[in-house]
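Hello,

Here is the structure I promised to pass on to you. Have a look at it first, and then read on for what turned up.

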Amino acid sequence: MKKTFTSCAVALLLAMAAPGASAQILIGQSADLSGPVAASVKETIMGSQLVIDQVNAQGGINGEQIEVIRMDDGLDAKRSLENTRVLIEDKKVVALLLNRGTPNTLAVIPLLDKYGVALVGPSTGAMALHKPLQKNIFNVRSTYQREAEKAVQHLQTTGIQRIAVVQADDSFGKDAMEGANKGFEKANLKPAVVALADRNKPDFAAIVPQLTKANAQAVLWIGSGTAVTDGIKALRAAGSAAQIITLSNNAASGFIKELGSASAGVIITQVLPYERSFGHPLIKEALALAKAKGQNDLSPALLEGFVATKVMVEALRRTGPKPTRAKLIATLNNFQYDVGGGLDVSYSPTDHTGIDFVDLSIVSDGKFKR
């Protein structure tokens, strides 16, 4: 059964906008609120809502309040497609924000193109959303290919030679693997083994023996949420001490909590500045708003939602009163904006790339460290 979440209904996740405010600008989001990456998505929503609540409390954009209509797709691409149809056709949203998942986002492109609706900051780094140009998708974060390439290069520079890969057997996994292969090529290495994993229900009884048999010193785990945390636990239970590195789609506090004692030493690529760099203007801004809501910590996932929503809000502000879908896209196609600390988001009719930033962090004492 589908669940529809609005900014008035996600009381368990976040603080709401000012009571009595009437929403005049409708934004839509289809994401996993109940499935394998729900923990990460909820943190992303918390970051997004920090921006929206602040804007609404200050009178909205050009005097208009913002409401985000959020629909649960359980990370299922078919549900994403139907949710997006409802948001566009029935709810009449002006734009979409932070839809989650590579197959899920690719599935809705025909609808975006049919109705001329912008999707800002999809929570995926798929290269297919960058090249060829998708005219209605405006990326904010870097690509998975850049992350995977850097992950392999990092492992090689530490002296690791036997690097195995667990690859989600879907469009996300194939996309990230292209970046990993570039990393292997530059390092003059080949994967010790590439184990394919079902997107939602990996067969760890088949995957883990492949990794241990290859005597992997490290494993690049390309997957999402519980499909990764459960796999790492299974690998540790089999006695492997291989270094684990995974991508930014798992950069959430909820991911660390799900790993429990198996989280120590796990490396996760990042696409935004370190959330504990308290002198960074972006981090200072986000942390001040979070503390005002009683949240004392940031996470990479929260920051991704925060930054993408800042881009959306600024584009709506520049579009002017009563923004339409077409006017918003026109604004975005001629857009340059510093989200904080020199992190520029710049779009043109031929480039919707977003922020070019990739770094690494390691989990220690239940937190990300750099």
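Where does Gly-223 lie? Gly-223 sits in the loop between strand S9 (218-222) and helix H7 (226-237); helices (H or I, at least four residues) and strands (E, at least two) are DSSP runs, numbered from the N terminus.

A word on the ground rules before the rest. This is a predicted model, in which local features need pLDDT of at least 70 and side-chain atom pairs count only at pLDDT 80 or more, while totals for chains, interfaces and linings use all residues. Residues are numbered from 1 along each chain as its sequence is written, and side-chain values use heavy atoms, with hydrogens and water left out.

Gly-223 counts as buried because its relative accessibility is 6% (buried means under 20% relative accessible area, exposed over 50%, partly exposed in between, with a 1.4 Å probe and protein chains only). Beyond its neighbours within four places in sequence, Gly-223 is in contact with Ala-168, Phe-172, Val-228, Asn-249 and Asn-250, where contact means heavy atoms within 4.5 Å.

Glu-178 belongs to helix H5 (residues 171-186). At 46% relative accessibility, Glu-178 counts as partly exposed.

Finally, a helix pair. The axes of H2 (residues 77-90) and H3 (residues 102-115) come within 8 Å and cross at roughly 30 degrees; axes are lines fitted to C-alpha atoms, for helices over the stretch in contact, and angles run from 0 to 180 degrees between N-to-C directions. H2 and H3 are therefore roughly parallel to each other (angles under 35 degrees count as roughly parallel). Residues of H2 that take part in the contact include Leu-81 and Ile-88, and those of H3 include Val-108 and Leu-111.

Happy browsing, and do write back with questions!

Conventions:
Parallel < 35°, antiparallel > 145°, perpendicular 65-115°, else oblique.
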